[in-house]
Amino acid sequence: MNKTSRKIIIDPVTRVEGHGRVTVQLDENGKVKQARFHIVEFRGFERFIQGHPYWEAPLLVQRLCGICPVSHHLAAAKAIDQIYGVDPEDLHPTATKIRRLLHFAQVFQSHALHFFYLASPDLLFGLDAPVEKRNVAAVALEHEDLARKGIQMRQFGQELIKALAGKRIHGITAVPGGVHKTFFPEERDYFLTETDTPSVDTMIEWSKGVVAFIKEYHDKNFDWMDSFASYPSGHLGLVGSDGALELYDGRMRAIDSHGETTLNDVPGDNYLKYFGEGVEKWSYMKFPYLRHLGRENGWNRVGPLARLNVCDSIPTPLANEELREFKAYTNGKPNNHTMHTHWARLIEVLHCAESIRDLLHDKEILDVVERPKVNRRPEGIGIIEAPRGTLMHHYKADEKGAITKCNLIVSTTHNNEPMNRAVQWVAQNVLDQQQEITESMLNQVEVAIRAYDPCLSCATHAMGQMPLILEVLDADGKVIAEHVKEAT
Amino acid sequence: MSNNPQDNNRPAIGPDTLLFGIGNSGRSDDGLGWAFLDRIAQETDCAGQLEYRYQLQVEDAALVRDAQRVIFIDSYQGELPGGFAWKPCEPSEDFQFTTHVLPPRGVLHFCQELYGKKPRADLLMIQGMSWDLRIGMSPEAQRHLEDALRFFKDKILT
């Protein structure tokens, strides 16, 4: 083994959104000195949007991220509603239902993509599988039925988004104080009946199937799933007035790793009172934390695992039954097993499918929406549970309606500290004092990060971009090993 | 890479041709793929189905399944002689799948594996220069777009 200090860099991380860079610094004895996950985040959007009319925000933010444009669209719309002068409870009931339907479709298709195409290669083939096999191409080859279902679940969600927004790109669902388009009976019926696209009932059956799959997988692999990249943490998510899981509009609840409440169902419009954002010299991305607990102890996970930890129930019966089982595994205590995020994500898939069915059967969803009259306010805050976790949009507008200030705290920013903890776990438990750093070991760093399904720098993706570079540097900064993979 | 579409057997551009414009007009020259489709729709009687994407996704394999011909149009970060390039695209499993980046050859691979279909596919890459958060393209990218459009209208559509 080389006795000089080595630095291992994985740049960017594969199979996550955008650009990530992992740096593991070893000392002269091969012991881990430091492990960090750097995220190249574009913060320019907050400046970019200044000067634009406030009603443009829900449209412009869709271009912030090609992965979750719907989540940004809805979070911005909720904030802009307030500048328009409408609180959530004053929105036309049909507008709320159409927005919720859109949101469930987005979370459903996003989670389906993550499970079938990002997580399943790790789960089906194992961490030690050859790199050429640890890919969704191999899933398509060896588990054709799974791959086909993944595509059809994605299609279902995307088609529903298209029906609600008018089109897939540049579509408009939410406008200040309402929605842009009425949902028509023939559009609704398409998703209730079995045609080229399977019906919502089939989606529920398939969702039950993937939850059964992950439970069976856990039964066989609980040693690994319970321990890998696990660490105690706080958890943050939205809940309804009854404490149930809430993805579209609720109050913020946080608990610590023991289950003690650290944020007690507070409204989102006070988020600045509760949250601070730490800065580190080595990272472009900030580190949110609960002010009263401080930077060191106040950080929280967000996303599926956190949401199931903070909620008391799920408001759809099949998913709620799965939640009971999920919570029973840790005796009602917070679940800090990072790999159980996959399990939680699939329970949410089932919840979304059930919720979509319920909303499609709700006659009110077809009503024509009337928008309340404008009653301008100077600022608005919209908080939503995006697929990856709590997403906050905050805007201020001047008397002419031009945006003067924008602050976004995206899900991946909340998960900045948790993902760094996960990387540190793998560094300490897998890479530390090894004679040789293998590709399989490096992949485990990525497996830990992938559990969070991070969305990093959003939508620039031109061909020729995003090579995977792995460099091993000695103490003098000299590259002693390098791997480069073209991503496109 | 070649801009010479010497192929007498290529299917004509009809309703069963899919044109994927890939990109994001909110990020300057990353919007080249969408701008190309906008111009095709405005300036030609192209009968192909125009599909706008932030990025390709696995479900696009199901769309490709029903097409006779597929053309992927995307911006390119790097040097291209003449500012654009046209080349055939073959299915390949040799790619790193990310939810952010599923390359055209990956979509074709899924289509072939899952549906047993392999439509004729081509790639049109247009060189971009600027990738900042900005609506509107750089003058260089605009020139490359015009050149790529002229090539497409003269050599592919006719």
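Predicted model: local features only at pLDDT ≥ 70, side-chain atom pairs only at ≥ 80, totals over all residues.
**Entry 1**

I started with the secondary structure. Chain A comes to 16 helices and 16 strands, while chain B has four helices and five strands. I walked along the sequence of chain B and wrote down its order as β-α-β-α-β-β-α-β-α.

Next I looked up burial. In chain A, 53% of the 488 residues count as buried. For chain B the figure is 52% of 158 residues.

Then I checked how far along the sequence the contacts reach. Taking contacts in chain A between residues at least 6 apart, I found that 69% join residues at least 24 apart. In chain B, residues 24 or more positions apart account for 77% of the contacts with a separation of 6 or more.

**Entry 2: what packs on α13 of chain A**

I picked helix α13 of chain A, residues 340-360, and went through its helix partners one at a time.

Partner one was α8(A), residues 200-227. Its axis comes within 9 Å of the α13(A) axis, and the two cross at roughly 165°. An angle over 145 degrees counts as roughly antiparallel, so I put α8(A) and α13(A) down as roughly antiparallel to each other. The crossing is left-handed. On the α8(A) side I noted, among others, A:Val200, A:Met203, A:Ile204, A:Val211 and A:His218; on the α13(A) side the contact includes A:Trp343, A:Leu346, A:Val349, A:Ala353 and A:Leu360. By class, the residues of this contact of α8(A) with α13(A) split into 15 nonpolar, four polar and four charged.

Partner two was α12(A), residues 317-329. Here the axes are 8 Å apart and the packing angle with α13(A) is about 160°. That makes α12(A) roughly antiparallel to α13(A) as well. I logged this crossing as left-handed. From α12(A), the residues A:Leu318, A:Ala319, A:Glu322, A:Leu323 and A:Phe326 meet A:Trp343, A:Ala344, A:Ile347, A:Leu350, A:His351 and A:Glu354 of α13(A). I read the classes in the contact of α12(A) with α13(A) as eight nonpolar, one polar and two charged residues.

The axes of α4(A) and α13(A) come within 9 Å and cross at roughly 145°. This one is a left-handed crossing too. The α4(A) side of the contact includes A:Leu101, A:Phe104, A:Phe108, A:His111 and A:Phe115, and the α13(A) side includes A:Arg345, A:Val349, A:Cys352, A:Ile356 and A:Leu359. The contact of α4(A) with α13(A) has 14 nonpolar, four polar and four charged residues.

**Entry 3: a closer look at A:Leu101**

Is A:Leu101 buried or exposed? I found 26 C-beta neighbours inside 10 Å, so A:Leu101 counts as buried. Leaving out residues up to four places away in sequence, A:Leu101 touches A:Leu164, A:Ile356, A:Leu359 and A:Ile365. I followed up A:Leu164, which is 63 residues away along the chain; its C-alpha atom is 8.4 Å from that of A:Leu101.

**Entry 4: α6 of chain A**

I checked the length of α6(A), residues 144-165. With 22 residues at 1.5 Å each, the helix should span 32 Å, and the end C-alpha atoms are 31 Å apart, which agrees. Just after α6(A), A:Gly166 takes a positive phi of about 95°.

**Entry 5: α3 of chain B**

I ran the length check on α3(B), residues 104-115. Its 12 residues should span 16 Å, and the end C-alpha atoms are 16 Å apart, which agrees. Just after α3(B) I found B:Gly116 with a positive phi of about 65°.

How many of the residues of α3(B) are buried? I got nine of the 12, so α3(B) is largely enclosed by the rest of the structure. The buried ones include B:Val107, B:Leu108, B:Phe110, B:Cys111 and B:Leu114.

What covers the buried residues of α3(B)? From chain B, the cover includes α2 (60-65), β3 (69-77) and β5 (120-128). From chain A, the cover includes α5 (136-142) and α6.

Definitions and conventions
Residues numbered from 1 in each chain as written. Chains lettered and ligands numbered in written order. Expected span 1.5 Å × (residues − 1). Axes fitted to C-alpha atoms, helices over the stretch in contact; angles between N-to-C directions. Parallel < 35°, antiparallel > 145°, perpendicular 65-115°, else oblique. Left-handed = near helix turned anticlockwise from the far one by under 90°. Contact = placed C-beta atoms within 7 Å. Nonpolar A, V, L, I, M, F, W, Y, C, P; charged D, E, K, R; others polar. Buried ≥ 20, exposed ≤ 12 C-beta atoms within 10 Å, placed from the backbone.
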